[in-house]
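Colleague: I would like to go through some labels in this model. Show it to me, please.

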Amino acid sequence: MKFTPELEIPGGCIKPLHYDDIDGLFELYKHPEIPGQRPLQDKEQLNRMIDYSVQMAATQRGMMWAIETEGQIKGMVSGFDWQPSNLRIVMRVDGLPQLTVEERTASLKAAISFLSTKYHVRNFAYQWIEGQSDDIKAALSECGFTLAARLRDGWRTGNTEFSDVEQYHWISSENKPVPRKLGDDDELGQNLNANKRGES
Amino acid sequence: MSWNFETEQFLIRLPVSDQDGAALFKLLSQSSAAAHIPRLPMTVEAQALDELRRIAMRFETREAAFWLIERKSDGEVVARIGVQYINWMMLNAQLQWELSAECGLEELQEVLPVIVNYLSDDLHLHRLEMRLRTGSDDQSKLLTALGFSHEGTLPSQMEFEGEDIDLDVYSLLKGELNI
């Protein structure tokens, strides 16, 4: 089954991670944007990450897309720490230096739109770590995120070094899904009172 | 490495699953004890036993540790204080407490340094965070008096009794405890 769809953005798409894209992903992981994160040395580890990306999506723990524009993998957009019951998730974009603010914004918007529509996720968080590019903040602002809290020393960058984390949120204005009981739908398998046409 | 401590007036000890059910139920059935989390008060003692088992499992996996604060003079459990969501990579954790009416600033100033020093010196945690339901003024005053800083408010973190709950974030870094 396919849980992560390919979604169009201007000039390209965001798409599920695939073993064919491992060279592009390796390039990305050689240029980590997160303070304190070491460049990846072993390309083989990405095979496992791609496996995880499928498992994460299948179990609603997260979702990962590669950002591809002009035929090149320029970044990744991901949702993690997904809490379906609380309708919330934390988003993240990792990009190569050539990923533009516009591409970052478009990728984030496409992922958020999908998660919001398909899974009714309402509360999107993003953690910007001190030392990261201000381009990320520009993209967040463009997507409607606002600063909620500054977590002091929330990110460890070395043995005894830490950076502050700014936590941003965007809350969807869509109504929450209304909880229903089994049988409320027109699914015959659950609604024992319905006839074959689905009428009660 | 012992996880049990003692101050002049209190024992700070890990709970015992098959012995502390009644004491924990007495504490957590008070609606004021967990309203800031927020969580409903317990209504039957079986919930306390279940909670003790759960906490024991989370302790085994070094994901959380909760201590009962027992008054030496009469054996009364006046509070439960714990850490959870321990992130050993980032060296941070979330602090949580449930206090009875008999545990205020004075009592916290006696027991919290022991716990915080243990977390910081022995477990090397750098940042402790507590999240409070917005509007929990009494708890907020206690945290501020103890040296915690308010860092902001996270919106719509959960739904509780039909209401979207915002959580205020407070933190304490190594060496900031005010006693």
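Modeller: Start with two helices. Helix α1 (residues 22-29) of chain A packs against α2(A) at an angle of about 105°, and their axes are 10 Å apart. This is a predicted model: local features need pLDDT of at least 70, side-chain atom pairs count only at pLDDT 80 or more, and totals for chains, interfaces and linings use all residues. Residues are numbered from 1 along each chain as its sequence is written, chains are lettered from A and ligands numbered from 1 in the order in which they are written, and side-chain values use heavy atoms, with hydrogens and water left out.

Colleague: Why are α1(A) and α2(A) called roughly perpendicular to each other?

Modeller: Angles of 65 to 115 degrees count as roughly perpendicular. The angle here is about 105°, so α1(A) and α2(A) are roughly perpendicular.

Colleague: What makes the contact?

Modeller: Contact means heavy atoms within 4.5 Å. From α1(A) come A:Ile22, A:Leu25, A:Phe26 and A:Tyr29; from α2(A) come A:Leu46, A:Asn47, A:Met49 and A:Ile50. By class, seven are nonpolar, one is polar and none is charged.

Colleague: Now A:Ser116, in helix α3 (residues 101-119) of chain A. How do you know whether A:Ser116 is buried or exposed?

Modeller: Buried means under 20% relative accessible area, and exposed means over 50% (1.4 Å probe, protein chains only). A:Ser116 has 14%, so A:Ser116 is buried.

Colleague: Which residues are in contact with A:Ser116, leaving aside its neighbours within four places in sequence?

Modeller: They are A:Val121, A:Phe124 and A:Ser172.

Methods: Axes are lines fitted to C-alpha atoms, for helices over the stretch in contact, and angles run from 0 to 180 degrees between N-to-C directions. Helices (H or I, at least four residues) and strands (E, at least two) are DSSP runs, numbered from the N terminus. Angles under 35 degrees count as roughly parallel, over 145 as roughly antiparallel, 65 to 115 as roughly perpendicular and the rest as oblique. Ala, Val, Leu, Ile, Met, Phe, Trp, Tyr, Cys and Pro count as nonpolar, Asp, Glu, Lys and Arg as charged, and the others, Gly among them, as polar.
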